[in-house]
Amino acid sequence: MSNKIDIINVVKSKLGDKVQIQLGQLGTAAINTNNGLHRDVLKALLEADEKTGITAISGVDLGVNLGVLYHVHTSNAFVTIRAEVPKDNPKIQTIVDLIPGAAFHEFEVSDLLGVIFVGNELKGHLVLSENWPEGIFPLRKDVKATEVKLNPAPVEEKAPDMGKLVKIIIGPQHPALLEPEKFAVTVDGEIVTKVEPRIGYVHRGIEKASESRTYIQDVYLVERICGICNACHAYGFVAAVEKILKTEVPERAKYLRVVTLELNRLHSHLLTLGHAGLEIGYETLFQYFWRDREPIMDLIELTSGNRVYASLMTIGGVRRDIKDTDIPKIKTTLEDLRKKLPFYRQVYENEPSIKARMRNVGTLSREDAIKLCVVGPVARGSGYDIDVRKDDPYEAYGQIPFNKIVYTEGDTWARMNVRMDEVEESINIIQYAIDHLPTGPFRIDVPRNVIAGESISRNEAPRGELFYYVKSNGTAFPERVKVRTPTFANIPSFLKTAIGENIADVPPNFVSLDPCFSCTDR
Amino acid sequence: MTNTVTWARVKSPWVLHFNSGACNGCDIEIVALLTPKYDVERFGVKLEPSPRHADVLLVTGCVTQQCAERLKRVYDQMPQPKFVVAIGACACSGGVFQGNYNVVGGVDKVIPVTAYIPGCPPRPEAILDGVVKLLNALNPPKPKKLSKQEKQALALKAEAEAKVVVAQPEVVAATQQVKPVIEEEKTIVK
Amino acid sequence: MIDIWLILRILIFPGFAFILLLTLFCDWIERKFEARIQNRVGPLVAGPAGLFQPLADFIKLLTKEDIEPRDAKKIVFRFAPLLAFTIMVFAICFLPIDGASVLSTGGFSGDLIVILTFSTIASFLMFLSGWASANPYGTISSARVLTQFLGYDIPLFLIALTPAFIVGSLSIFTIAAGVTLASGQTIPIILLAPWAFVLFIITMQAELEKDPFDVPESESELVGGVCTEFTGAKLAFLHLTRDVQIVFGSALVVELFLGGPYGPVFFGLPAFWYSLWFVLKLLAVVIITEYITTLFARLRIDQVLSANWKILLPAALLSLMATVALVTWVYPLV
């Protein structure tokens with residue numbers, strides 16, 4: 001498939017009049033289906049392109065019906081399949097047999113909106129707490145957040161005796177994890193046989209909260225989904241709203257946005273590389289990496305005024321400009337960081353204890369990576385070369401030369417090396433962007449009430465592809481904001497790669513995913 | 001004897017970090033405290049893995065419904081004397097997430113808090129300042145050495161006040177911790 | 001008949017008080033050294049340059065509330081930490097510190113085996129305390145402690161026998177005195193069997209559960225390790241036992257290979273100079289082991305075990321055989 005439209009033509013030829021195709025909407029095209037034809041469209045796409053996978057499944061409350069949008073990515077196109085189910089009988093056929101990676105997405109839609117996926121009925125809650133009352137779905141429009149009455153906390157039942165299998169609970173308070181989430185790891189001796197996750201400890205109901213705040217307030221709200229990749233969240237939301245408004249930001253703003261996003265990537269990768277050292281008991285490496293991360297935090301403070309929350313993105317451009325007097329400092333700091341990288345590369349290449357703990361640990365094959373729809377360095381470490389900055393360029397990335405980093409080994413060591421090389425690429429991108437910064441305004445005015453419409457935006461966060469779907473209804477408040485974060489897509493791969501390995505390999509394996517549960521739970 | 005004990009407690013506070021539903025911003029600033037630029041080990045602060053070993057509980061995050069129960073349990077597992085520090089705007093009051101359906105909103109709705117450190121996220125220097133202030137508050141206040149004029153002024157003031165008899169309200173000592181009234185059901189069921 | 005001199009020796013110097021202060025000082029050295037390697041400063045506020053930090057930690061732990069889980073095995077839970085500490089201190093009392101040990105002036109033949117046994121018993125008591133605490137992390141961690149120290153005890157004994165072979169005696173005093181050459185000079189054992197010294201340091205690293213053999217204490221999987229469930233005074237003694245084990249291990253290296261407390265005496269009391277040399281050599285060994293700790297990541301349990309059975313044990317046997325051969329045929333010629 002060399003042309004994006006080719007795959008749409010394939011669908012058209014197979015299904016003809018049974019579906020409506022709107023080119024240019026919600027990606028390359030939006031395909032509206034009725035009567036459960038979404039499975040046929042998906043089958044047609046899978047047959048045409050083996051790299052088809054699910055990016056997200058959005059559920060929307062449309063009043064009488066519930067809309068279910070399947071956002072599907074192929075090698076070079078992005079298609080949204082729309083389906084609707086009536087609220088009083090919200091049943092729709094599942095797609096997990098076609099794409100196994102869709103399991104978590106379906107679970108979330110059924111948890112928060114009450115859509116029942118026939119063939120994939122799951123018990124319990126994904127993100128909601130155990131004392132959430134049955135039958136109340138928070139994302140439906142008739143549910144008011146302050147009026148929900150919660151059940152008293154349920155009594156934990158004693159686990160059944162499993163013979164020689166031992167169940168170890170990792171979390172919610174655990175020194176290995178910065179965030180609370182629970183993994184019940186069943187071990188036989190020292191070998192892991194099953195991993196059962198329980199997420200939702202950090203679920204703050206941001207998607208519902210965004211519907212009762214204005215667009216500008218929402219920029220600051222979605223930024224706080226995650227402190228580590230905050231610029232990407234803000235950018236995702238802002239880009240989607242700008243697509244609805246059909247505004248084009250000035251060139252200077254595009255380059256400044258690239259600088260902010262890449263600084264964010266730098267500090268996040270250095271954080272993960274250090275944190276991985278802590279997991280394998282290598283405190284010295286952790287301290288060295290975080291020592292070298294501090295100058296980057298100083299740079300973020302220099303450009304935006306705040307160490308963690310840059311808050312530079314706004315609808316219509318960026319909020320602040322870079323002063324010309326600051327540019328030499330940015331360049332020298334980046335050069336100093338670049339000089340330190342060969343030392344770290346040498347450590348990863350030659351240090352025997354790192355190789356003993358990281359090589360052949362958590363190996364994910366390329367086929368599994370494609371089937372489970374993983375994103376980011378996890379995919380690129382297994383030979384699956386996706387990178388939104390290259391596949392679907394946004395802002396100024398189309399004009400800046402840089403390399404896509406791909407390793408084929410698929411183990412923890414490969415994923416860490418991907419991040420290390422991406423640090424160098426980010427340094428190159430920032431320096432190019434600063435050298436070629438166009439003149440002009442860095443912000444334009446946009447109206448307060450956004451016209452009715454819907455759009456998506458994808459960008460490459462440090463952990464992988466971050467996806468936003470925004471629907472507006474003509475007022476100053478959004479109708480629906482849906483976020484699909486990269487860790488949400490990567491967790492199923494961890495559940496698979498941990499099995500059959502030593503329990504001591506679980507922390508390094510887990511950290512190599514670079515999990516961010518505040519992103520996952522929202 | 002108590003002086004030595006207080007000295008030991010002030011010089012060796014072991015902390016446990018618990019994230020009760022935070023965005024990670026405050027947590028990475030807490031971990032940054034251990035790194036060379038801020039180096040909190042100078043003050044004897046050690047990050048401990050187990051609640052049983054820790055003296056100070058650093059809580060971040062607007063407490064989510066699922067974490068509320070766990071937070072209470074972790075607090076109960078810590079041995080006395082123990083202190084709680086709420087770090088960040090979310091831990092103090094719920095922050096941007098106040099009113100959301102899954103959010104309790106503030107650590108003091110679940111466990112008693114000794115110190116609040118506001119900010120979104122607070123800088124590592126601010127967290128360090130808060131922890132040091134908490135530790136210094138544990139020391140009993142030293143009586144100030146007064147100069148001769150100050151002593152005379154104080155004596156005159158005491159004389160004047162002794163002549164006026166007014167019903168004084170009960171004064172609560174500054175070091176006495178005020179425990180908020182917590183009813184078990186109400187913290188979780190809104 | 002109460003010997004006042006003996007009581008003073010047991011309680012103050014070179015007995016209990018000296019060992020306790022030395023332990024706290026070594027803890028401070030370790031923390032400062034590790035901090036410096038990591039580009040940090042380490043404890044600074046408690047006392048001058050943070051010297052009283054370990055003391056503050058100890059006193060603070062003594063005054064914390066003592067929590068006992070309902071399901072813990074009461075007697076073991078309560079007494080194992082204190083007993084482990086006592087046995088370790090008792091083991092140190094056999095080593096010559098100022099020319100004579102705490103308990104005797106000349107030691108007795110076979111006391112090397114006795115103190116190695118004591119150290120094994122202390123490690124076993126650490127295992128028991130983790131097992132008795134009714135905590136899943138404690139249970140798994142104590143199983144790892146057992147596997148690790150039982151496995152590494154074998155090469156430890158073998159390598160500890162090497163100096164015994166060279167000197168021809170199982171008495172620590174004789175081994176510490178070194179070998180007297182034909183020229184009348186005494187040299188420490190390390191110059192005669194440097195390979196045994198290296199292997200002994202590595203085995204000691206594993207026995208003391210320091211990086212890269214840190215498995216039983218690995219925070220990232222096992223929370224607090226063996227002492228997860230302990231609080232207050234029991235935790236203080238568990239920590240102290242671990243620190244005393246480090247002092248004991250380093251002291252053993254000093255006695256077996258580095259010539260014990262013996263060294264040049266310049267003026268005055270020989271006992272003073274012997275203690276000084278002992279402390280200096282001990283600190284050197286502590287710094288070496290701490291340096292190895294900071295340099296490496298933590299190995300997995302199966303890697304630790306295979307390192308023991310596949311690499312260290314054959315190396316220990318080879319070292320012993322090589323030493324016996326050298327002693328019988330080569331060294332008498334020198």
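Select N39(C), in the loop between α2 and α3 (53–62) of chain C. What is phi of N39(C) near? The value is near 75°, which is positive in a residue other than glycine. Keep in mind throughout that this is a predicted model.

**Along α2 of chain C**

Now move to helix α2 itself, residues 16–37 of chain C, and show helix α10, residues 232–257 of chain C, with it. Their axes come within 9 Å and cross at roughly 90°. The two helices, α2(C) and α10(C), are therefore roughly perpendicular to each other. To see what makes the contact, display L20(C), L22(C), T23(C), L24(C), C26(C), D27(C) and E30(C) on α2(C). Facing them from α10(C) are L240(C), D243(C), V244(C), I246(C) and V247(C). Sorted by class, this contact of α2(C) with α10(C) has eight nonpolar residues, one polar residue and three charged ones.

The contact of α2(C) with α4(C) has six nonpolar residues, and no polar or charged ones.

**Where chain B touches chain C**

Bring chain B into view beside chain C. Here 28 residues of chain B are in contact with 31 residues of chain C. Between them the two chains bury about 2600 Å², with 58% of it on carbon and sulfur atoms. How many salt bridges are there between chain B and chain C? The count is six. For one to look at, select R52(B) and E229(C), whose closest N and O atoms are 2.7 Å apart in a salt bridge. Side chains of opposite charge can pair when their charged atoms come close. The count of residue pairs in polar contact between chain B and chain C is 20. Next, highlight helix α1 of chain B, residues 2–11: with six residues, this helix gives the largest share of the side of chain B that touches chain C. By class, that side of chain B has 12 nonpolar, eight polar and eight charged residues.

**Where chain B touches chain A**

Turn to the other partner of chain B. Which residues of chain B lose the most area to chain A? First the totals: 46 residues of chain B are in contact with 56 residues of chain A, and the two chains bury about 4200 Å² between them, 59% of it on carbon and sulfur atoms. In chain B, I28(B), Q66(B) and Y101(B) lose the most area to chain A, together 20% of what that side buries.

Chain B and chain A have four salt bridges between them. Zoom in on E294(A) and K37(B), which form a salt bridge with their closest N and O atoms 4.0 Å apart. There are also 13 residue pairs in polar contact between chain B and chain A. To trace the side of chain B that touches chain A, colour β1 (14–19), α2 (25–32), α3 (65–77) and α7 (184–188) of chain B, the elements that give two or more residues to it. The largest share, seven residues, comes from α3(B). The residues of this side divide into 24 nonpolar, 13 polar and nine charged.

**Two cis bonds in chain B**

From α3, step into the loop between α3 and β4 (83–87) of chain B and select P81(B). The peptide bond from Q80(B) to P81(B) is cis, with omega near -10°. Then go to P121(B), in the loop between β5 (115–117) and α5 (124–138) of chain B. The peptide bond from C120(B) to P121(B) is cis, with omega near -10°.

**A last stop in chain A**

Over all chains, the structure has 56 salt bridges. One to finish on joins R345(A) and D421(A), with the closest N and O atoms 3.2 Å apart. This pair links distant parts of the chain: R345(A) is in helix α9 (residues 327–350) and D421(A) in helix α14 (residues 412–435) of chain A, 76 residues apart.

Key
Residues numbered from 1 in each chain as written. Chains lettered and ligands numbered in written order. Predicted model: local features only at pLDDT ≥ 70, side-chain atom pairs only at ≥ 80, totals over all residues. Heavy atoms only, no water. Axes fitted to C-alpha atoms, helices over the stretch in contact; angles between N-to-C directions. Helix = DSSP H or I, 4+ residues; strand = E, 2+ residues; numbered from the N terminus. Parallel < 35°, antiparallel > 145°, perpendicular 65-115°, else oblique. Contact = heavy atoms within 4.5 Å. Nonpolar A, V, L, I, M, F, W, Y, C, P; charged D, E, K, R; others polar. Buried area = accessible area lost by both parts, 1.4 Å probe. Salt bridge = Lys/Arg side-chain N within 4 Å of Asp/Glu carboxyl O. Polar contact = N/O pair within 3.5 Å; in protein donor to acceptor, adjacent residues only side chain to side chain.
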